[in-house]
Amino acid sequence: MSEHNSEKAEPNLTPLLDMVFQLITFFMLVINFKGASLDLSLKLPVLGSARPLERHGNLEPLLLNIDSTGQVKVQGKQVDVEQFITKEARFLKNQLKILGTPIENGELPVPVIVRADRSAPFHLVNHILKICQDQGYRNFSLSAMSREEKH
Amino acid sequence: MQRSHSQRRRRRKRDQGSVEMNLAAMLDMAFQLLTFFILTFRPAPIEGQLSLNLPPPVPQTNVEANAKGGEGIDNVLAMETLHLHVVANDRGDVSELKVELNPIVQGRLDEGNIQRLDQKLHSMFAVKQIPFDRIQIAVDGRLRYGELMKIIDVCHRQRLPDGSAMQKISFSEVDVGATSNAK
């Protein structure tokens with residue numbers, strides 16, 4: 001008699017599922033795919049006057065992660081800096097040609113974002129800047145932290 | 001009797017209409033997705049940028065004149081470029097910093113020295129007769145990039161007579177070690 005009357009306890013999973021989907025949506029929206037191109041192991045210099053970069057146009061800036069030994073990493077892989085910058089500049093010039101954007105005085109209208117480790121000697125960083133200048137890059141954005149990171 | 005009959009009819013109607021989905025499997029999957037996103041979540045660091053326009057270095061005509069001129073603000077009149085000279089030690093720290101030919105910083109670039117440099121540059125830019133509109137920093141190649149950025153930060157804080165911030169900052173590499181060896 002009692003077996004017949006006992007009811008199966010079924011929790012209502014709908015609100016739980018709703019909440020989980022909301023959390024998934026949140027994480028999908030804040031996921032940062034560009035973060036993969038940043039070398040987060042670098043210790044950037046701390047600068048009070050550093051401001052977020054204002055982007056003009058649709059062209060992607062050239063991003064250079066320079067470690068303390070002057071090596072450049074792209075998507076986590078070490079590359080030959082001269083070859084890489086030359087290739088990127090050539091690609092950009094072709095892109096500008098297709099878009100019909102004139103290159104005035106050989107100056108490329110795209111900034112170079114320099115994310116260099118604070119302990120890198122200046123001559124190594126300067127060598128890379130010179131390569132960029134030789135290829136026509138003129139605008140440089142030096143990355144820095146606005147304040148010291150707490151670990 | 002009448003009541004039990006209507007109850008039975010209502011229950012039958014309900015049993016026919018409702019479709020119960022098994023949400024457990026979907027919830028499992030949703031939790032797996034959530035776990036993936038939580039584990040791979042890495043907030044992007046809050047980075048700022050210091051924008052500089054750096055054309056290839058060209059010879060400066062007023063460097064020699066300035067070197068002959070000697071020290072002091074009076075001798076740098078009618079100049080457009082203010083020159084800083086930074087010498088580093090073997091560890092890459094600043095060992096000496098000169099504004100034109102005046103040594104302003106001796107030793108490490110700590111808070112006190114940064115303030116002294118700021119005050120010096122501020123006093124030079126405050127003189128309306130001197131039309132400085134750019135700063136050129138001659139940097140010892142051994143200097144650490146972080147130290148150079150501290151100097152650039154101080155330069156960037158200076159205000160031009162029109163109230164705008166100093167934007168024209170350039171730097172060139174000087175091999176101080178080789179120069180001193182040659183001497």
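Mentor: Two strands count as paired if DSSP finds at least two bridges between them. Please keep this in mind as we read this predicted model.

Trainee: Which residue stands opposite Ser141(A)?

Mentor: In general, strands of a sheet pair through backbone hydrogen bonds, either parallel or antiparallel. Here, Ser141(A) faces Ser51(B), a residue of S1(B). The strands concerned are S5(A) and strand S1 of chain B, residues 47-53, and seven bridges link them in the antiparallel sense.

Trainee: How many residues does each chain bring to the contact?

Mentor: Chain A contributes 52 residues and chain B contributes 44 residues. The area buried between the two chains is about 4100 Å², and carbon and sulfur atoms give 68% of that area. Three residues, Phe27(A), Phe122(A) and Leu142(A), supply 18% of the area that chain A buries against chain B, more than any other three residues.

Trainee: How many salt bridges does the rule find across the interface of chain A and chain B?

Mentor: A salt bridge requires a side-chain nitrogen of Lys or Arg within 4 Å of a carboxyl oxygen of Asp or Glu. The rule finds one across this interface. The partners are Arg115(A) and Glu47(B), whose closest N and O atoms are 2.6 Å apart. Polar contacts between chain A and chain B amount to 14 residue pairs, with both residues at pLDDT 80 or more.

Trainee: Which element gives the largest share of the side of chain A that touches chain B?

Mentor: That element is H2(A), with 10 residues. By class, this side of chain A holds 32 nonpolar, 12 polar and eight charged residues.

Trainee: Let us turn to chain B. What is the order of strands in its open sheet of five strands?

Mentor: The order is S4-S3-S2-S5-S6, with mixed pairing. Strand S4 (102-106) and strand S6 (169-174) of chain B stand at the edges with a single partner strand each, so one side of each has no neighbour in the sheet. On average, neighbouring strands of this sheet are turned by 20 degrees against each other, direction ignored.

Trainee: In which sense do S2 and S5 of chain B run?

Mentor: Strand S2 (residues 81-88) and strand S5 (residues 134-140) of chain B run parallel and are joined by six bridges. Within chain B, Val86(B) stands opposite Val139(B) in S5(B).

Trainee: Which strands does helix H5 of chain B touch?

Mentor: Helix H5 (residues 145-156) packs on the sheet and touches S2, S3, S5 and S6 of chain B. The direction of this helix makes about 165 degrees with that of S5(B).

How values were computed. Residues numbered from 1 in each chain as written. Chains lettered and ligands numbered in written order. Predicted model: local features only at pLDDT ≥ 70, side-chain atom pairs only at ≥ 80, totals over all residues. Heavy atoms only, no water. Contact = heavy atoms within 4.5 Å. Buried area = accessible area lost by both parts, 1.4 Å probe. Polar contact = N/O pair within 3.5 Å; in protein donor to acceptor, adjacent residues only side chain to side chain. Helix = DSSP H or I, 4+ residues; strand = E, 2+ residues; numbered from the N terminus. Nonpolar A, V, L, I, M, F, W, Y, C, P; charged D, E, K, R; others polar. Axes fitted to C-alpha atoms, helices over the stretch in contact; angles between N-to-C directions.
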